[in-house]
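Me: I am new to this structure and would like to learn how to read it. Please guide me through its features one at a time.

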Amino acid sequence: MRISKICIQLVLSISLILLFLSISVYSQQEDQVREEEREENCSQLQLHSKLSAQKDDTALKVREAANLVEEKGEEAFPEFREKDSKWLYDGFYIFVWNINGTRVVYPPNLTGEGQDVSGLTDFNGKPIGKLFIETALSESGEGWISYEWPKPNETEPFTKYGFIKKAAFGEETYLVGSGFYVEDYLFTRNTGNCEFINATGISLCELMHPERMESDPGINYSIAYVVMDPGEKSLPHRLSNPEIYYTLEGNGTIFVDDVPVSLHKGKLVLVPASEVQYVENTGNSSLLLLVIDQPAWKAENEEIVG
């Protein structure tokens, strides 16, 4: 009887130990999954918050600079010109105008100080000088202005987003501002400077491919831009993944398993995986297409047929 009780206690003890170990292992697995999810979410948050963080930081610094101007007036101006300070670093700077449009602080080019820039326009002729002043004189006394402006030592315009805030000292009223280039915080691509290659017998460029981007974009698809001359035809080929064609301009025909489907501006065609396909420009002008692959295009996923 005593031996039976001992056996029962032993079995119960072993069962409890096994149960505890199972719970512990399960808990560790759950913790690991949660940690992996947290790291992934943090990675995605970091990727998508760069623009928002820069926007918030720019507005914060402009407001701080405006407070300094309201506190010190012109005595604050030398601080804005001091290199490697919180006001002037890595392309960031604070500018100050009189409310009549005279530029009084311009760290990138001190010779530009004292100029009347009330009539300043952006690359496309947008009257940003007027808009800066109107924003400062608005009811809120602050706001954002979007405009096109070349980067230093470049001629191509980029989108710049500037924050403007009014500041008053004595009888003087100023506008204080700063901005940043949106393309520094978002991935953008222009077909005008895209490098074209020959693929399946036609000319295309990769507008976006996750494996050829500086940081992980959190996507697994690629977009190519295709330009086909009249009469041009791609080689018959198949992919192990689906592929989407979207027609930007022109007219043509896509053949899917030899079945013709017309292409014209605004037309989208989804080609199923493993189907033999090719495109022909049947029009009198260039056929412009966007080609989207999910997952992102890889050479090993494509096979030329015939």
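This is a predicted model: local features need pLDDT of at least 70, side-chain atom pairs count only at pLDDT 80 or more; totals for chains, interfaces and linings use all residues.

Me: Which residues have the most contacts inside the largest nonpolar core?

Reply: In soluble globular proteins, nonpolar side chains tend to be buried together. Here the largest nonpolar core has 19 residues, and those with the most contacts inside it are Val-69, Phe-77, Phe-80, Ile-94, Val-96 and Val-176. Two or more residues of this core come from each of helix H1 (2-72), helix H2 (77-80), strand S4 (103-105), S6 and S7. H1 supplies the largest share, six residues. A second, separate core has 16 residues, including Met-228, Ile-254, Leu-263 and Val-291.

Me: How many helices and strands does the chain have?

Reply: The chain has three helices and 18 strands. Of its 306 residues, 35% count as buried. Among contacts with a separation of 6 or more, 56% are between residues 24 or more positions apart.

Me: Where do the buried residues of H3 fall when seen down its axis?

Reply: In helix H3 (residues 128-136), the buried residues are Ile-128, Gly-129, Phe-132, Ile-133, Thr-135 and Ala-136. Seen down the axis of H3, these buried residues fall within an arc of 160 degrees, and therefore they line one face of the helix. They pack against strand S3 (95-98), strand S5 (142-150), strand S6 (157-169) and strand S7 (172-181).

Me: Is Ile-202 buried or exposed?

Reply: The relative accessible area decides the matter, and a residue under 20% is termed buried. Ile-202 has a relative accessible area of 7%, so this residue is buried. Ile-202 is placed in strand S9. Leaving aside neighbours within four places in sequence, Ile-202 is in contact with Ile-197, Val-226, Met-228, Glu-232, Lys-233 and Ser-234. Ile-202 and Val-279 are 77 residues apart in sequence, while their C-alpha atoms are 9.4 Å apart in space.

Me: Where is Thr-200 placed, and is Thr-200 buried or exposed?

Reply: Position and accessibility are to be read separately. Thr-200 is in the loop between strand S8 (197-199) and strand S9 (202-208). Its relative accessibility is 12%, so Thr-200 counts as buried. Not counting residues up to four places away in sequence, Thr-200 touches Ser-234, Leu-235, His-237, Glu-302 and Ile-304.

Me: What is the relative accessible area of Gly-91?

Reply: A residue with over 50% relative accessible area is termed exposed. The value for Gly-91 is 67%, so Gly-91 is exposed. Gly-91 is in the loop between strand S1 (88-89) and strand S2 (92-93).

Definitions and conventions:
Residues are numbered from 1 along each chain as its sequence is written. Side-chain values use heavy atoms; hydrogens and water are left out. Buried means under 20% relative accessible area, exposed over 50%, partly exposed in between (1.4 Å probe, protein chains only). Helices (H or I, at least four residues) and strands (E, at least two) are DSSP runs, numbered from the N terminus. The arc is that of the directions from the helix axis to the C-beta atoms. Contact means heavy atoms within 4.5 Å. A nonpolar core is a set of buried Ala, Val, Leu, Ile, Met, Phe, Trp, Tyr and Cys residues joined through side-chain atoms within 4.5 Å.
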